[in-house]
Each structure stands twice: as structure tokens, then as C-alpha cells.
Amino acid sequence: MSIFEYNGSALVAMVGKNCFAIASDRRLGVQLQTIATDFNRVCKIHDKLYVGLSGLATDAQTLYQRLVFRHKLYQLREERDMKPETFASLVSALLYEKRFGPYFCQPVIAGLGDDDVPFICTMDCIGAKELAKDFVVSGTASESLYGVCESMYKPNMEPDELFETVSQALLASVDRDCLSGWGGYVLLVTPTEVQERILKGRMD
Amino acid sequence: MECVFGLVGDGFALIVADTSAVHSILVHKSDEDKVMLLDSHKLLGASGEGGDRVQFTEYIQKNVHLYQFRNGIPLTTAAAANFTRGELATALRKNPYSVNILLAGYDKDIGPSLYYIDYIATLHKIEKGAFGYGSYFCLSMMDRHYHSGMSLQEAIDLVDKCITEIRTRLVVAPPNFVIKIVDKDGARQHAWRESVKNDKVATA
């Protein structure tokens, strides 16, 4: 079993009309054994920027701590929050620093940039950025997620419709992957508010 | 064949560990204490390679004491758990420790808590958890019988059910277990479950 499949994960981020949604599954496992069903993979950097980290949980936790540290330093120096594009470059640089001994994580970055234009991107474990205008996926269920998102996605969805689409896409995909699942966690961010919801799917 | 498991009850947390010190087919002793009293209100149950287990847990214990001496107040359970994870994570890519840890503590304003720390430094706060071959039996027993806010008697009954299951179904089951508890009155040994008594060696 690959090191990326040690803990199991599923992450998706999708763009709507002046909003974005980022969602993850809730399982923390050690290969075939499930340890917890309330593990959070989506982390806040600032009010309008979130990062989801799939792959090895220990590296996700270490990387998250390093990113928060770098962002806090940036806030002290620049007296403002980081733009999502800048943050994506930061993550990419941090990952490439470890080119020959990488963090076993694939991040999904989602944020609202200038003028509240939604921004999403993903990258591989050594920081190769992949910008997208519609959706990005990551984790052990990524192949299913690509298929489901491709069929369900429509441009310019309103927040409620976006939430519904992301939820259905996530639950459908994790049902086909034994290493991810046990519910879902969806974060919907608009310029004025942030909605967090827990999904109940097939609990197995 | 080492088993460590733990759970959180109403105002207390329990950690149970087997007490065999084994090298290949030889049992050196059957009364090895693997649950360390980290400070007055914390327990650290560890399983893993012999040298690493003792060295790492003693290192954590001394650093927790040092913090208390320097700052005049004890660490919270969450802080101690994050410190432990940080040490494991730093050592992971240099000189890894093969130690799995369950850290239980009681804080005055938060109550009892239990943390799961993998040997690769995955940290998660849990209500019930287990390590080792015994986990295959304990986790299922706890999934069936555990509920939040169990009384001490109910929790001890559940622990005894788990121990019975391990003794019945694990091929090289450890004969003896120690049960330690942490609550508002502190961390202390609660009971032993022995099926093989260690005779004291007569002095010359």
C-alpha cells in the first residue's frame, strides 16, 4: 500500500458565483483500521482562505503548522492577509524545498481573492500547481471525484446549489473508496459569511 | 503482542496496558509498567520497541516537569499532547521512535481528555482508542458497549470485557494488565488484572 493511502482521505473544492466550497471526508484510518470518524482535513488560514491537506495525516498536521506560522509572519510584516494566489505559491515553494524527501500531502487551496473572485488550486506532493476554474480534487477517492464533479458541475452556481452539488459529489465518490468516508464536512464561503456543515453519509 | 487501550468516562479517563516485556519468544518479565505518570494529572500509555518506549516517554516526562519548574504552572493535556507529537514529528525524518502513545489527562476547566499519538506523529483527540494486536478486539468491544459519560463501574466492566476478549482470542495474549485512572484527584494506579503472578526472587 502506498504511503499516500496510509490514512485515507478525500478532498474537493468547487467554484460558484462569487463563492467557493471546500469539502472533505471525516475518516482517520491506519490502513484497514478506522481510528476516528471526526478527523478534520480542512484548515483555516484566514477568513477567506482555506487549505485542505490530503495524504499522510502526520505530514498534513506538520505542514499546516508550518503554513500558519508563515502566514502569521506575513501578517506581521505586511499588516494584511495573504492573497490566495500568493499563498498557493508559498505552499508550492515549501513543498519543493523537500523535493528529495517530500511531505506526503496533496494540498487543495481555496480562497476569495481581490474583489471576492473565488480561487482554487491543487498541487502534487512536490508543489506542482494546478489552477482550475471549476473544481479541484485530491485524496484516495480522487479518481471517483474527478468523474462525479465533471458530470455534476455547472458554472456560476449560487451558494445553495453549490453546496448541494459538492455534497452529492463527495458522498457519491467516497462510497466507492474504502479508505475514505464516514460522513463529510463542507465549508461554503461567500463574501459575507462562512457556512460549515457536517454531512451524514454511509457510515462505513 | 503489546496492547494499550484507553477510554474517557464521566470525569475520568482510563488507560490500560499489558505488562509483559518480551524479546522474540522470551518473556523477560510480566510486571513491566507501561503507563507512566506524566505529572499529577496526566497518564502516558506507550507501546512499541523497548528502548524507544522507555527513552522517549522519560524524555517527555522530564520535559513536562521542566516546564512546570520554569513556569510555575503545569502544562494542559492538549499542550502536552502537542509537545509529544512535535518531538515525534521532528525525529520522524532523522531518527524515528517506534512508540505508539495514548495520553490521558484531566484539566480543571475542560475535564478528562484522551489523545491518540501514532508512531509517525499523527495526533487526534479521541474518546476511545487502542494500539497493538489487541486493538482488533478492543475497538470492536468498545464500539459496541461504550457511550459518553460512563460511570467508573461501567468503564471498568468494559475494560474487563476487553481484557477477557484479548485473553480468549489473541494467540499470544499477554497474561497481566494494569489499569490506571486520571480524574480530578490526580493520576494513579487503579487495579491489576493478573493471571500469572510474578514470584519475588528470594534474597541471598
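**Entry 1: ground rules.** A cavity, for my search, is a set of points on a 1 Å grid over the protein atoms alone where a 1.4 Å probe fits but cannot get out. A pocket is an open set with protein on both sides within 12 Å along at least five of seven lines, and lining residues have an atom within 4 Å of a point. Grid points are joined across faces, edges and corners, and a volume is the space filled by probe spheres set on the points. This is a predicted model, where local features need pLDDT of at least 70, side-chain atom pairs count only at pLDDT 80 or more, and totals for chains, interfaces and linings use all residues. Residues are numbered from 1 along each chain as its sequence is written, chains are lettered from A and ligands numbered from 1 in the order written, and side-chain values use heavy atoms, with hydrogens and water left out.

**Entry 2: the cavity.** I searched the whole structure and found one cavity of 30 Å³ or more. The largest cavity holds about 30 Å³ of space. Its lining includes Leu171(A), Trp182(A), Arg202(A) and Asp204(A). I sorted that lining into three nonpolar, four polar and three charged residues (nonpolar: Ala, Val, Leu, Ile, Met, Phe, Trp, Tyr, Cys and Pro; charged: Asp, Glu, Lys and Arg; polar: the others, Gly among them).

Entry 3: The largest pocket has about 540 Å³ of space. It is lined by 23 residues, and the closest to its centre are Ile35(A), Ala36(A), Thr37(A), Lys128(B) and Asp143(B). By class, I noted 10 nonpolar, six polar and seven charged residues in the pocket lining.

**Entry 4: the cores.** I looked next for nonpolar cores, sets of buried Ala, Val, Leu, Ile, Met, Phe, Trp, Tyr and Cys residues joined through side-chain atoms within 4.5 Å. Buried means under 20% relative accessible area, exposed over 50%, and partly exposed in between, with a 1.4 Å probe and protein chains only. The largest core has 52 residues, and Val159(B) is one of those that touch the most other members. Helix H4 of chain B, residues 152-169, supplies the largest share of this core, seven residues. Beyond its neighbours within four places in sequence, Val159(B) is in contact (heavy atoms within 4.5 Å) with Phe5(B), Leu7(B), Leu14(B), Val16(B) and Ile179(B).

**Entry 5: cysteines.** I found zero disulfides over all chains, taking a disulfide as a pair of cysteine sulfur atoms within 2.5 Å.

**Entry 6: backbone angles.** Most residues other than glycine have a negative phi. Asp116(A) has a positive phi of about 55 degrees; it lies in the loop between strands S7 and S8 of chain A and is partly exposed, at 22%. Ala121(B) has a positive phi of about 70 degrees, sits in the loop between S8 and S9 of chain B, and counts as buried, at 0%.

Key. Helix = DSSP H or I, 4+ residues; strand = E, 2+ residues; numbered from the N terminus.
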